[in-house]
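Subject: Structure handover and findings

Dear colleague,

Please find the structure below, together with its sequence. A summary of what was found in it comes after.

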Amino acid sequence: MVAFGKKLKERQIEEWQGYYINYKLMKKKVKQYANQIEAGALDRRHVLKDFSRMLDNQIEKIVLFMLETQGLHASRIAQLNEQQEALQEEPDISKISELREAYRAVGRDLLKLLFFVEMNAIGLRKILKKFDKRFGYKFTDYYVKTRANHPYSQLQQVFKHVGLGAVVGAISRNLSDLQDRQGSYLSIYDQPALPLQEPVVDSLTSAVDRLTHSTNFLDFLGQHALIMHEELPSQADDHADQMYHKVSLVLNLVNTFLYMVNTYIIVPTADDYSMSLGAAATVCGIVIGAMAVAQVFSSVYFSAWSNKSYFKPLIFSSIVLIIGNAFYALAYDFNSLTILLLGRVFCGLGSARAVNRRYISDCVPLKKRMQASAAFVSASALGMACGPALAGLLQMKFKIFNITFNAVTLPGWVMTLAWFIYLIWLWISFKEPVREPEVNAQESSTAQNDKLEKGLAQPLLASTDHDPDDDGSEEASEESRGPVNSPGEAYRLLTPSVKVQLLIYFMLKFSMEILLSESSVVTSHYFGWTTSSVSIFLFCLGLTVLPVNIFVGSYISNMYEDRQILLASEIVVFLGVMFSFNFLIPYSMPQYVSASLLTFVAAEVLEGVNLSLLSRVMSSRLSRGTFNGGLLSTEAGTLARVFADVTITLAGLMGQQHLLNITLVPSLLICAGSIIATCFTYNSLY
């Protein structure tokens, strides 16, 4: 992996070199502080004051240059506007063409400025993170809190690009006005959705959105996938273009859809299936959770396998899922709970979601990656909704060759057939991408990382051992090393902010699994719902995913910061869980439905924001390798589902009348814990 310092230097605009953040100097300064503290020459107060002043100076240098350059661009636009006014009196086609090209030239120069600001913003985030790792994770909280909310904040200028949006808008409006409108008097302000066929404007808009973390529906939806992108802005994506194959991407999305259908198609009938085999209804928790238990292990080997191939793991996944679903369906005729559970375990061993994520991250060009990420999440949401709905339609019973086809076995047979058809399509149409030759990363000492997490135990200095940065490579101790391929190495890279985000992901998946998995038992006990009623209820919950994400992605996320939405969503999940308790006699259907809807919708909103923040606070080394960020989040979510399903089964031993309240207690406690943890790390989520 190329060092961040080297990437920053390589992508600098030569004539602007003196105005970029001096990342190398600041890293050396951090090391000097460590040595001086060890020698007793400095105290905590002096270090914080000196480093704050250095950061302030760096930010001021960036901001003043940005404002100066922005002013030059504004002056050029003003001059072009005067020429445009003159052309309105005496139109000249050749001069109009020249004027449009002049506006485009300003746009291209402005794009360079946006890349300049973005690279500096990334550098600031990284140096703050590095300081925290060395000195106890305290500084970012202090610096952001004192600078970001100040009325004269220069930090906001860097992270929120105050004023640049107006220049982008001026270029867009004038290019739009110069287009041939066939005599129309409308402007971009009258029809904001009117397409403007100007690549430079599209590039500017993309750069602005990336810099501000403002988002549209596709961006917000794509955040759920946690498909990590390159840190620094780049306009070259040649290798991904060569690897991209549209049908192969579609096959990955279909795999995602089918797997989510496979996961949830049994939920409405799992309790009936358990009772038909002589077990208690609450054993459905084990039946549903067996798939998640196996997925804990399958995610690791599929992630490792995807380092070498995409086609072979997808083939293997399809075969295992065919076997697993056939076992699940045959368990009824064999009257065997063991075969039933074995079938679900096989289904979990066929979970190739790590491969699906990795394919999008590695093989889809950057310009199409967000749409592909959004499609991945949409396929998952659609599968979650269609699974229970399909189960509700399979209410029939017949026999063929002494094999029983009924409401509890048909989900297994339908999925067996679906995976068989998918396997044939996959074999015929999938194209294995050509990979780049792997270059072994330079091996370096891991002694510094071993002490990374110990910083919290000391007031300032985390470690004074030999610093690998001595070799002159400013990223030798972290970024220049290869991908993370061991769990211990991955754990050492988990900062408190990352751990809190993983805890939040665990919490929301735990709450959702409790809600979905026990729905058939709870609704049957309290309201006498049939399988069809449960299926309709779960289908309606699943259908809320896309509309909610459209609303949040298009409006809410542009009005509030991600961390604000995160905390608010956690509180709403807490309220939804609390409102779900059976504290009124009799327990009413409106209470259950409204509380479930509140919990589910808030959890869906929370998931997108949570994974967006996770990708930002996570080390760049976790974007590749076996134990990447996507795998870590998948494992956290899968473990949450396992614990939730085990909780349902154990709570069922106390009787169905106590099931609801007992299972909601851990949800409430974990949610409260995540809210407290978020408050402690709130200012590091900038």
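The notes that follow cover the nonpolar cores, a surface patch and the salt bridges.

This is a predicted model, in which local features need pLDDT of at least 70 and side-chain atom pairs count only at pLDDT 80 or more, while totals for chains, interfaces and linings use all residues. Residues are numbered from 1 along each chain as its sequence is written, and side-chain values use heavy atoms, with hydrogens and water left out.

Nonpolar cores

A nonpolar core is here a set of buried Ala, Val, Leu, Ile, Met, Phe, Trp, Tyr and Cys residues joined through side-chain atoms within 4.5 Å; buried means under 20% relative accessible area, exposed over 50%, and partly exposed in between (1.4 Å probe, protein chains only). The largest nonpolar core contains 114 residues, of which W419, L426, F430, L508, V573 and F600 touch the most other members. Helix α21 (residues 496–517) supplies the largest share of this core, 13 residues. Helices are DSSP runs (H or I, at least four residues), numbered from the N terminus. A second, separate core has 51 residues, including Y23, F51, F135 and V168.

Beyond its neighbours within four places in sequence, F430 has contacts (heavy atoms within 4.5 Å) that include S248, Y310, F311, Y359 and W425.

Surface patch

L417, F420, I421, I424, W427 and I428 make a nonpolar surface patch of about 690 Å². Patch members have over 30% relative accessible area and no salt bridge, nonpolar side chains (Val, Leu, Ile, Met, Phe, Trp, Tyr) being joined within 5 Å; areas come from the Shrake-Rupley method with a 1.4 Å probe. I428 belongs to helix α18 (residues 410–429) and counts as exposed because its relative accessibility is 66%.

Salt bridges

Seven salt bridges were found in the whole structure, each being a side-chain nitrogen of Lys or Arg within 4 Å of a carboxyl oxygen of Asp or Glu.

- D50 and R53 are joined at 3.1 Å, N to O. About one helical turn separates them, because they are three residues apart in helix α3 (residues 44–89). K29 is linked with both in a network of salt bridges.
- E607 pairs with K509, the closest N and O atoms being 3.5 Å apart. E607 lies in helix α26 (residues 589–617) and K509 in helix α21, so the pair ties together parts 98 residues apart in sequence. Both residues are buried.
- E513 and R641 meet at 3.5 Å, N to O. R641 lies in helix α27 (residues 629–652) and E513 in helix α21, so this pair ties together parts 128 residues apart in sequence. E513 and R641 are buried.

Yours sincerely

Terms used
Helix = DSSP H or I, 4+ residues; strand = E, 2+ residues; numbered from the N terminus. Patch = residues over 30% accessible without salt bridge, like charges linked within 9 Å, V, L, I, M, F, W, Y side chains within 5 Å.
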